[in-house]
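Reader: I've got a model open and I'd like to learn how to read it. Can we go through it together?

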Amino acid sequence: MIKVDEHPDQVITVRALRKSFSGRRGKTVEAVRGVDIDVLRGEIFGFLGPNGAGKTTTLRMLTTLLPIGSGTAIVAGQDVAREPARVRARIGYVSQIGGADDLDTGRESLLLQGRLYGGDAASVAARTEELIGLLDLGDFANRRVATYSGGQRRRLDVALGLVHSPHVLFLDEPSTGLDPQNRANLWERIEDLRAAGTTIFLTTHYLDEADALCDRVAIIDHGRIVALGSPSELKREVAGQSVMLSLRDGADAITQATALLEPLPIVRELSALDGDLRLYVEDGGEALPALLRLLDEHHIGLHSINLAEPTLDDVFLRYTGRSLRDTGAGEGPEGAER
Ligand SMILES: Nc1ncnc2c1ncn2[C@@H]1O[C@H](COP(=O)(O)OP(=O)(O)OP(=O)(O)O)[C@@H](O)[C@H]1O
Ligand SMILES: [Mg+2]
C-alpha cells in the first residue's frame, strides 16, 4: 500500500496496476498487466506503445474514468480509487477524440467549461483569456469550432483540459491526425505548459513525438512496461549504431547472410525484418567495409544500406522482438489532418 503524500515531488505513483475486460465469447482481455509508474512534478512523461498496448486503459484508470482492476494509483496526492472526486478536481484530461462542441466558439467553450468547474464569472473570464494566449487561440477564438482545422481544434481541446488549473494534465494521443506543422506547434504549446509548472502525462504511438517531447518515456507492449527512461538513456542502452541491409535476393539470401554475419564479433545483435537485415554494431564506419566484403565474397547482392543512430524503435525492437513501425504505428503522420 502506498501512503498518500509520501513522495511530495511525485505527482503520479502507480503500483501493480491491472485491468481485464471480458471480451466476446467470454474471452478475457488483459489490457493492463501489472504497471508501475512514477511521474515527477513538472515533467512530461510519455506512454509509448502500439495500438492496443493498454495506453488508453491505463490513462482512463488514472483519470478515474474507469474503475481500477487491481493495484494502486495515487494522482496529485490522492488515491484514485478512494478519492475520485478529489483527483478529478486536480487533473485535466484530453481524450483521444477531444470534446469541443462544434456549435460553440472556442471562447464560449472555455467559458462554459470554466463555469461547469464552478468558477465565478470574473475568474473564469480571466482564465479563458489566459488560455487563449497560452495555446495561441486568439486568431480564431470567436469562430465556431466547426470551422477549425485539426490543429486549432486540438489546441482548444488542450485548453479545455486546463480551465481549472490542474496540477497534472493527461493527454491521450495529442497529435494523432495532425500534419507535421500543427504537431510541431502543439508540441511547443505543451512545452510552454511544462514551463508554466504543469506536469504532463501523455500517450502516443509516435516515436518522434516521444523523442521530441518527453522527459521520460515508458514503452508499453501487451499491457506491460518493457522499457523506462529518458529517450537518450533508452537509446544509449541499445548502444552503437544500427545497420539496415536490404538484400536483393529474398529469403535464401537472408538465411545465408544471417549465417555469415551473426558469428562476427563486431555484430552485437541481428534480426530479419521483412526482406531486410537489421544489425547493431559498435562502430558503423569500422564495421561496414567488413560486412560488405563478406557479403560480396559470397555473392550476396544488396539493394541499399542504411547506417543510423539508434531510435526508440530500436529500443522497442530490442525489448519486444518487433518493430513499432511494423505494428502500423511508429513514425509521424504524412500530412494528415483530421
Ligand atoms: N471496454 C473494453 N472492453 C473490452 N476490451 C477492451 C475495452 N477497452 C479496451 N479493450 C482492449 O484492451 C486492450 C488495450 O486497449 P487500449 O485502448 O488501452 O489500447 P491503446 O494502447 O490505447 O491503443 P490505441 O493506440 O489503439 O489507442 C485492447 O486489446 C482493447 O481491445
Ligand atoms: Mg488509445
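Author: Helices (H or I, at least four residues) and strands (E, at least two) are DSSP runs, numbered from the N terminus. A residue is buried if 20 or more other C-beta atoms lie within 10 Å of its own, exposed if 12 or fewer, and partly exposed in between, again with C-beta atoms placed from the backbone. In this structure, the cover over the buried residues of α3 includes α4 (121-134) and α5 (150-160).

Reader: Before going on, what kind of model is this?

Author: It's a predicted model: local features need pLDDT of at least 70, side-chain atom pairs count only at pLDDT 80 or more, and totals for chains, interfaces and linings use all residues. Residues are numbered from 1 along each chain as its sequence is written, while chains are lettered from A and ligands numbered from 1 in the order in which they are written.

Reader: Which residues of α3 are buried?

Author: In helix α3 (residues 106-116) they are Gly106, Arg107, Ser109, Leu110, Gln113 and Gly114. Down the axis of α3 the buried residues fall within an arc of 160°, so they line one face of the helix. Just after α3, glycine 118 has a positive phi of about 90°.

Reader: How do I read the sides of α10?

Author: An α-helix has 3.6 residues a turn, so residues three or four places apart point the same way. Here Ala287, Leu291 and Leu295 of α10 are buried. They cover an arc of only 60° around the axis, which puts them on the same side of α10. On the other side, exposed residues include Glu286, Arg293 and Asp296.

Reader: What do the buried residues of α10 pack against?

Author: Their partners are β11 (241-247), α9 (250-261), β13 (276-281) and β14 (302-308).

Reader: And the ligand, which residues come nearest to ligand 1?

Author: Near means that a residue's C-beta atom, placed from the backbone, lies within 6 Å of the molecule or strand. Of the 13 residues around ligand 1, Phe21, Ala31, Lys55, Thr56 and Thr57 come nearest. The elements giving two or more residues to this shell are β2 (28-40) and α1 (55-62), and α1 gives the most, with three residues.

Key. The arc is that of the directions from the helix axis to the C-beta atoms. Two residues are in contact if their C-beta atoms, placed from the backbone, lie within 7 Å.
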